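This report walks through the secondary structure elements of one chain and how they pack. Please keep the sequence and the model in view while reading.

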Amino acid sequence: MRTKSLKKNKINVVTLGCSKNVYDSEVLMGQLKANNKEVVHEEEGNIVVINTCGFIANAKEESVNTILEYVQKKDEGVVDKVFVTGCLSERYKPDLEEEIPDVDQYFGTTELPGLLKALGADYKHELIGERCTTTPKNYAYLKIAEGCDRPCSFCAIPLMRGKHKSTPIEELVVEAEKLATDGVKELILIAQDLTYYGLDLYKERKLADLLKKLVKVEGIEWIRLHYAFPTGFPMDVLEVMKEEDKVCNYIDIPLQHIADPILKSMRRGTTKAKTTKLLEEFRGAVPEMAIRTTLIVGYPGETQEDFETLRDWVKEMRFERLGCFTYSHEENTHAYNLEDDVPEEIKMQRANEIMEIQSQISWELNQQKIGQTFKIVIDRKEGNYFVGRTEFDSPDVDNEVLIDASNFYLKTGEYTTVKIIEAEDFDLYGEPI
C-alpha cells in the first residue's frame, strides 16, 4: 500500500489580479518545471500557490476569499499545503499571518527564490525568458519593467512592487524569441509604466528602441502597448507605430481623471489642457490609432462640477475603448489622508453614467466598421462562434469579432481577413473573405 509520503506532489498555481500577475505566475511555473516539478495552472493539485492582488478593495476581498477557500480544503485534507504570494501578501503579510495562520507560508512580490525553496526547488538565474504561458497559444504578455516611481496619490502599487526597474533590451529580445519559437504571434507589452522604460538603465526613455528590436523577431506579427503613463510620454514611439506594421495602432493610457483640481490632488503631474493636447498629437500622428483609457470617479473631493467636466470630456474625446472604476480608499496612500467623502451610491451612479456614454460611443464607432475588412486573429471557439480580435483590441478587455462556426471553419491562433457584416456596442460580426 502506498503511503502519503510517496505521493508525487502536484503544484497548482492560482492567479488573481492583473496581467503582471499572470506573467509572474508563468515565471514561477517555468522555474518549477525546470526543477522537474509537476505544475498546473488553476487545476487540481495537492500543493497550492495563490498569487494574490492587493490593488483595490474588490481585488483584496477576492484574494482573501480565495485564500480562505484553499485553507478550508487543507483542513478537509483535499490539499496538503497552501502558499500565498503576490501583492496582497507583500502589502499585508503581518496581518495575514495573524488572521489566516493556517497558510503554510506568505511571500512578497520579490521573494521568488524563497517561495521556490519552500516548494523544494532552486531558483535558476539562467532561465531568461523561460515561462509556462497560461494565455492562449497565440499571444503572451512581455513584462518590460517592474515597479513604479510615480507619486499618484490613490495608488498602492509602489508599496507592493517597489521602484521602477527596467529589464534590459537584450533580455527582452531573448524572451520574445523564445515565445515566438513556442508559437506566440502577439506580444502584449506590460509594466506599471511603459512610458518610463529605460530611464533607470540607459538614462533616457527607450521604449521606441525596444520596439525597433522586437519587430525584428521572426514569427511575431503584432506588438501591443499597455499601461503608458501620459506624463513624459516618448513621442518617438508614435513614429515606430506609424512605420512598423507589427506595432499595433493601439495604446492603453490610463488617464484617471481630467478635472484640474482632481488631477492636482491625484498628483498626476498634468492638466486637462496638456492631456487633451497629447491625445490630439496621438491622433494627428497615427489617425487610425485605438486609444484605451481608464478613469476613476468618486475620488475624495470630486464635486458634481468635477464629474461633469469629466463626463463632457469623455463625450468630446470619443475614446475607442474606456473603462471606469469607482475610487477605492487605500491605506498608506497619499489620498488616504483625505476624507473619502463621495457616497458609494454616487460613485456607482457616476461610473454607470460614464459607461453608458461610452457604450453609445462604442456602438457608433462600430457601426462605421460595417462593410469594412480587417485582419483578425482567432483566440478561441465559444459555442457556435469563432471569437477573434482586430489589432485595435486587446484580449479580455476590448471588442471581439464573432464568426459563425456553422458556416466557416477557422483555426485558433491563425490570422485571417474578415468583412464586418453587423455591429453591436462591443461585438462585431464578420465573415472571412
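This is a predicted model: local features need pLDDT of at least 70, side-chain atom pairs count only at pLDDT 80 or more; totals for chains, interfaces and linings use all residues.

In β4, which residue is the bridge partner of Thr 52? It is Gly 86.

**The open sheet**

Thr 52 belongs to strand β3, residues 47-52, and Gly 86 to strand β4, residues 81-86. The two strands run parallel. Six bridges join them. They are part of an open sheet of five strands. Its order is β2-β1-β3-β4-β5, and the pairing is parallel. Strands β2 (38-41) and β5 (105-106) stand at the edges. Each has a single partner strand, so one side of each is left without a neighbour in the sheet.

Two helices lie across this sheet. Helix α1, residues 19-34, lies across β1 (10-15), β2 and β3. Its direction is at about 170° to β1. Helix α3, residues 87-99, lies across β3, β4 and β5. Helix α3 runs at about 125° to β4.

**The annotated spans**

UniProt, in an unreviewed entry, lists residues 134-365 as "domain: Radical SAM core". In the model this span is 41% helix and 16% strand. Its end C-alpha atoms lie 32 Å apart. The unreviewed UniProt annotation "domain: TRAM" covers residues 367-433. That span is 1% helix and 52% strand. Its end C-alpha atoms lie 19 Å apart.

**Two helix pairs**

Which residues of α8 meet α9? They are Leu 207, Ala 208, Leu 211 and Lys 212. From α9, Asp 236, Val 237 and Val 240 take part. By class, this contact has five nonpolar, no polar and two charged residues. The axes of the two helices cross at roughly 20°, which makes α8 roughly parallel to α9. The crossing is left-handed.

The second pair is α12 and α13. Their axes cross at roughly 10°. That angle makes α12 roughly parallel to α13. Here the crossing is right-handed. On the α12 side, the contact involves Gln 304, Phe 307, Leu 310, Arg 311, Val 314 and Lys 315. They meet Arg 350, Glu 353, Ile 354, Ile 357, Gln 358 and Ile 361 of α13. By class, the contact has six nonpolar, two polar and four charged residues.

The geometry of both pairs is set out below.

| Helix pair | Residues | Axes come within | Crossing angle |
|---|---|---|---|
| α8 and α9 | α8 207-214, α9 236-243 | 8 Å | roughly 20° |
| α12 and α13 | α12 304-317, α13 344-367 | 10 Å | roughly 10° |

**The barrel**

A second sheet is closed. Five strands form a barrel in the order β14-β15-β16-β18-β17, with mixed pairing. On average, neighbouring strands of this sheet are turned by 55° against each other, direction ignored. How many bridges pair strand β15 with strand β16? There are four, in the antiparallel sense. Strand β15 covers residues 385-389, and strand β16 covers residues 400-404. Tyr 385 stands opposite Asp 404 in β16.

The two sheets can be set side by side. One is open with parallel pairing, while the other is a closed barrel with mixed pairing.

Terms used. Residues are numbered from 1 along each chain as its sequence is written. Side-chain values use heavy atoms; hydrogens and water are left out. Axes are lines fitted to C-alpha atoms, for helices over the stretch in contact, and angles run from 0 to 180 degrees between N-to-C directions. Angles under 35 degrees count as roughly parallel, over 145 as roughly antiparallel, 65 to 115 as roughly perpendicular and the rest as oblique. A crossing is left-handed if the near helix is turned anticlockwise from the far one by less than a right angle, and right-handed if clockwise. Contact means heavy atoms within 4.5 Å. Ala, Val, Leu, Ile, Met, Phe, Trp, Tyr, Cys and Pro count as nonpolar, Asp, Glu, Lys and Arg as charged, and the others, Gly among them, as polar. UniProt positions are given in the numbering used here, feature names are shortened, and annotations may be inferred rather than shown by experiment. Two strands pair if DSSP finds at least two bridges between them.
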